[in-house]
There are 2 protein chains.
Amino acid sequence: MPFSPVRDPETQSLLVVEDDDALRAVLVEALKVVCPTVREETSVAGALRACAEREPDLVLLDLGLPDGDGSELLVRLRAVTTVPLIVLSGREGEEEKVALLDAGADDFLTKPCGAAELQARVRGQLRRSAFSASARSASHMTIDGIDIDLAAQRVTREGVPQRLTPTEWALLRALALHADRTLTPKQLWDLVWDREFGDFAVHVRVHITHLRRKIEPNPAIPRLIVTETGVGYRLVLP
Amino acid sequence: MPFSPVRDPETQSLLVVEDDDALRAVLVEALKVVCPTVREETSVAGALRACAEREPDLVLLDLGLPDGDGSELLVRLRAVTTVPLIVLSGREGEEEKVALLDAGADDFLTKPCGAAELQARVRGQLRRSAFSASARSASHMTIDGIDIDLAAQRVTREGVPQRLTPTEWALLRALALHADRTLTPKQLWDLVWDREFGDFAVHVRVHITHLRRKIEPNPAIPRLIVTETGVGYRLVLP
DNA sequence: AACGGTCTTAACACATCGTAACATCCGCCC
DNA sequence: GGGCGGATGTTACGATGTGTTAAGACCGTT
C-alpha cells in the first residue's frame, strides 16, 4: 500500500538510490540507525519500480546516475508520490538549490557528508512528514498563538477568529501542509493558483503580506511565516 | 444497468483508466485499500467496454489517453451512466475545471496526487453517491436543522414549514440530488429552467439568494448552500 | 378588471483579486 | 563611506465576480 502517513519506525522503510557501491554501503549503514529497513536501488528505472511496488517513507537520491539524469527521476517521482525526498549531490549554488526545490526536492546534502548530519536530516524529514500527516488527519495545529484548523477552514489569532479570503487560505494551507519546509514562490504559485503564466513573484509577495497582516502577532516582524532570502517562504514549527 | 446505488464494499468495484503502467500500478494499489476489486483499462475503447460489461461504482479517468481525447470519453460515459467519475489530469485552470464539471466530471485530481488524497476523494464520491441514492428512495433528508422531503415537496427549518416557489423548489431539488457536489450555474440552469437562452448567471444568483433567505439559519453566512468561488454552488453534507 | 403571487431584469453594494507603483532593506562595487 | 541594483514589503486602484434589493412584467384566479 503506497500510503500510510504515520508509521511505526519498525514498519517504516527508506530507499537509497546510489550507483557507487562503496558510498551506498556507507549510506545504508548510517540510515539503519534511523530505520532498520533500508532498500537499495542503483538506477532510475529501479527506483521507480521500487516506489511502485511499495512506497518508502523517504527517498535518498543521488544526482548523476548512470541511466538518466537524477533531476529527471526527481520530476518523475514527484508525478506519482509526495514522499519526502533528500537529494545528495556535489556542489550547489543558490540557484541550483532553488531549481531542485522547484523540481520537488525536500532537502539537500552535499558530498562529503558526515553520518551524523545525514541521520539528522533524515529524522528531520520524517518528523516533518509525520507532522503534515497528522495535520491532515487531525486538521488542527497551534503555532505561536495562531490556531489553524484545516478541515473547518478556521484561523484564530490569540483566540480572535480571522477572516481569510480563499486565496489567503490556500496559501496558508500550502505552507501548513509543508510546515518547516521552504517553499519557493514558484511552488506556492503552483499550489495556490491554477494559471500557467503570470508574475508569480509579485502575486506571492502581495498575498504573503495580506496573510501576515491577518495572522502574524506583529506583521512587521514575521515569526510564523519567515522569508528565506533568495529561496522562498517557510512556516516555522515550534 | 446504469444504477446500483448502495453496495456492500465487498461487491463494489472501481475502474481505473490510465495508460501509464507505472502510474496505474500506484493508483490501483492505493485504491485497493478503499475497495478490494479494482479493474484496469488503458484506453477509451477498453473503458467503454468495461463499463458496458459491468458497471463499476466509480471511475478514475486520466485525461490524455492514446486513442482519444479523455473529455470525449467523459461525455460518452455520461451518455450511458451516472456513475461517480473522478478526473485525473495535469494542472488545470479554473475555466477548464468548470468545463469538465459541465461535461459531467464529479471531482478532480491533479498530478502529483498523494495516495491519501486519492483515497479520500474516492471515499467521498462513494459516500456521496450512496447519499443521493438513499435520498432518491427515502426522499427525505435532514441537514443542519433543515428537513427536506423530496417526494412531499416539503421543507422545514427548525421545524417551521417553509413555502417555496416552484423555481426555488426545483433549485433545491437539483442541489439535493447532487448533494455535496459543486454544480455550475450552467448546470443548475439546465436542471431548473427549460429555456435555451438567457443570462443564467444572474437568474441562478437571484434565486440562490431567495432560497438561502428561506432555508438558511443565517442567510448572510450560508452554511447549507455554499458558493465555490469561480465554480458554482454546493449543498453541503453533514 | 383587479388582485396576488411569481419571475425577470436592472441597479447597486460589496468582497476579492490582479496589477502597478512606490517604499524599504541589504549586499556589492567603486 | 557612498551609491547602486536587486530582492522584498506595502499600498492603492480598477476589474471582475458575487450578493442583495426593488421595480416592473407576466400569469392565473376570482
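A residue is buried if 20 or more other C-beta atoms lie within 10 Å of its own, exposed if 12 or fewer, and partly exposed in between, with C-beta atoms placed from the backbone.

This is a predicted model: local features need pLDDT of at least 70, side-chain atom pairs count only at pLDDT 80 or more, and totals for chains, interfaces and linings use all residues. Residues are numbered from 1 along each chain as its sequence is written, while chains are lettered from A and ligands numbered from 1 in the order in which they are written.

**View 1. Two loop residues of chain A with positive phi.**
Q153(A) is found in the loop between β7 (146-149) and β8 (154-157) of chain A. Helices (H or I, at least four residues) and strands (E, at least two) are DSSP runs, numbered from the N terminus. Phi of Q153(A) is near 55°, a positive value in a residue other than glycine. D180(A) lies in the loop between α6 (166-177) and α7 (185-192) of chain A. Its phi, near 75°, is positive in a residue other than glycine. D180(A) has 16 C-beta neighbours inside 10 Å, so it counts as partly exposed.

**View 2. The buried residues of helix α7(A).**
P185(A), Q187(A), L188(A), W189(A) and V192(A) are the buried residues of α7(A). Their cover includes α4 (94-103), α6, α8 and β11 (232-235) of chain A.

**View 3. The open parallel sheet of chain B.**
Five strands form an open sheet in the order β2-β1-β3-β4-β5 (chain B), with parallel pairing. Two strands pair if DSSP finds at least two bridges between them. The edge strands are β2 (38-41) and β5 (107-110) of chain B, and each pairs on one side only. Neighbouring strands of this sheet are turned by 20° against each other on average, direction ignored. Strand β4 (residues 85-89) of chain B runs parallel to β5(B), joined by 4 bridges. V87(B) has F108(B) in β5(B) as its bridge partner.

**View 4. The β6-β7 hairpin of chain B.**
Strand β6 (residues 140-143) of chain B pairs with β7(B) in the antiparallel sense over 4 bridges. I143(B) has I146(B) in β7(B) as its bridge partner. The hairpin has 2 residues between its strands, and D144(B) in the turn has a positive phi of about 60°. D147(B) sits in strand β7 (residues 146-149) of chain B. D147(B) is partly exposed, with 17 other C-beta atoms within 10 Å. Not counting residues up to four places away in sequence, D147(B) touches T142(B), V155(B) and T156(B). Two residues are in contact if their C-beta atoms, placed from the backbone, lie within 7 Å. The C-alpha atoms of D147(B) and P161(B), 14 residues apart along the chain, are separated by 9.1 Å.

Helix α6 (residues 166-177) of chain B packs with α8(B) at about 85°, with their axes 10 Å apart. Therefore α6(B) is roughly perpendicular to α8(B). Axes are lines fitted to C-alpha atoms, for helices over the stretch in contact, and angles run from 0 to 180 degrees between N-to-C directions. Angles under 35 degrees count as roughly parallel, over 145 as roughly antiparallel, 65 to 115 as roughly perpendicular and the rest as oblique. T167(B), E168(B), L171(B) and L172(B) in α6(B) meet H207(B), H210(B), L211(B) and K214(B) in α8(B). The residues of this contact divide into 3 nonpolar, 3 polar and 2 charged. Ala, Val, Leu, Ile, Met, Phe, Trp, Tyr, Cys and Pro count as nonpolar, Asp, Glu, Lys and Arg as charged, and the others, Gly among them, as polar.

The axes of helix α7 (residues 185-192) of chain B and α8(B) come within 9 Å and cross at roughly 80°. That makes α7(B) roughly perpendicular to α8(B). P185(B), K186(B), L188(B) and W189(B) of α7(B) meet F200(B), A201(B), H203(B) and V204(B) of α8(B).

**View 5. The surfaces near the DNA strands.**
DNA strand C is surrounded by 20 residues, the closest being T165(A), P166(A), T167(A), T165(B) and T167(B). A residue is near a strand if its C-beta atom, placed from the backbone, lies within 6 Å of it. Of the 20 residues around DNA strand D, R205(A), T209(A), T227(A), T209(B) and T227(B) come nearest. By class, the surface near DNA strand D has 8 nonpolar, 8 polar and 4 charged residues.
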